[in-house]
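Subject: A structure to look at

Hi there,

Here is the structure I promised to pass on. Have a look at it first, and my notes follow below.

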Amino acid sequence: SPDEWDVENYKVQIHTVYALDCDAEGIDFQNLTSQEIEETIWEKLKAKYSEKEKQIGDEAMRTYERIIMLNIIDAQWKDHLLALDHLKQGIGLVGYGQKDPLVEYKKESFDLFQAMLDRIDTTTIRSLFNLQVVAEESPEEIQRRRLAARRRGSMRFTGPNQGAAAAGEEAGKIKTIVRSEPKVGRNDPCPCGSGKKYKKCHGAAV
């Protein structure tokens with residue numbers, strides 16, 4: 001009966017495997033029979049999975065189920081073969097206990113196989129119920145976002161900012177100096193009429 005259960009641990013296990021929060025779902029373990037609790041949890045799980053299936057889509061959900069199950073079976077089968085190798089290496093020791101190694105190997109290998117099947121079931125269920133649905137942007141939303149980004153990039157300064165932008169552009173331009181008189185060479189006579197070379201007269205300070 002529920003009174004004899006470790007209710008808190010039971011809730012943790014349900015949440016771990018099925019991603020179902022019993023407290024949040026309002027499941028009353030104190031006032032329900034074990035059968036009622038089982039039926040309530042089962043109905044909650046079916047509704048939860050159906051909702052996830054609606055979000056993903058039937059076809060996509062079947063694809064996820066196949067991929068997840070195949071990956072789990074592959075991983076668990078490899079672990080099972082490794083466990084059998086370890087079993088073979090140590091099974092001969094049972095002979096010291098007056099047991100037939102072949103008979104013991106068959107028993108142990110069968111138990112390992114059953115344990116593998118249990119792990120496949122549990123891991124598959126946990127993976128599917130903990131599968132997170134991530135909503136992707138529709139093509140229309142992506143196009144709208146790109147157009148908005150282009151519009152922001154093509155904005156021009158207006159009002160007070162326009163003058164500041166123009167001033168910045170003007171300051172960034174290279175100015176060309178135009179001389180009204182021809183440039184005097186350093187070895188040319190100084191224009192002041194002293195008869196000295198420009199570099200030794202007024203050009204000495206330049």
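Helices α2 and α3 are roughly perpendicular to each other (angles of 65 to 115 degrees count as such). This is a predicted model, in which local features need pLDDT of at least 70 and side-chain atom pairs count only at pLDDT 80 or more, while totals for chains, interfaces and linings use all residues. Residues are numbered from 1 along each chain as its sequence is written, and side-chain values use heavy atoms, leaving out hydrogens and water.

Helices here are DSSP runs (H or I, at least four residues), numbered from the N terminus. The axes of α2 (residues 34–56) and α3 (residues 58–90) come within 6 Å and cross at roughly 110 degrees; axes are lines fitted to C-alpha atoms over the stretch in contact, with angles from 0 to 180 degrees between N-to-C directions.

Where do they touch? Tyr49, Lys52, Glu53 and Ile56 of α2 meet α3 residues including Asp58, Met61 and Tyr64, contact meaning heavy atoms within 4.5 Å. Just after α2, glycine 57 has a positive phi of about 105 degrees.

The buried residues of α2 (under 20% relative accessible area) are Ile37, Ile41, Leu45, Tyr49, Lys52, Glu53 and Ile56. Their cover includes α1 (7–18), α3 and α4 (101–129).

Over in helix α1 you will find tyrosine 10. Leaving aside neighbours within four places in sequence, tyrosine 10 contacts Trp5, Phe29 and Ile41. The C-alpha atoms of tyrosine 10 and cysteine 22, twelve residues apart along the chain, are separated by 9.6 Å.

Enjoy exploring!

Best wishes

Key
Helices (H or I, at least four residues) and strands (E, at least two) are DSSP runs, numbered from the N terminus. Angles under 35 degrees count as roughly parallel, over 145 as roughly antiparallel, 65 to 115 as roughly perpendicular and the rest as oblique. Buried means under 20% relative accessible area, exposed over 50%, partly exposed in between (1.4 Å probe, protein chains only).
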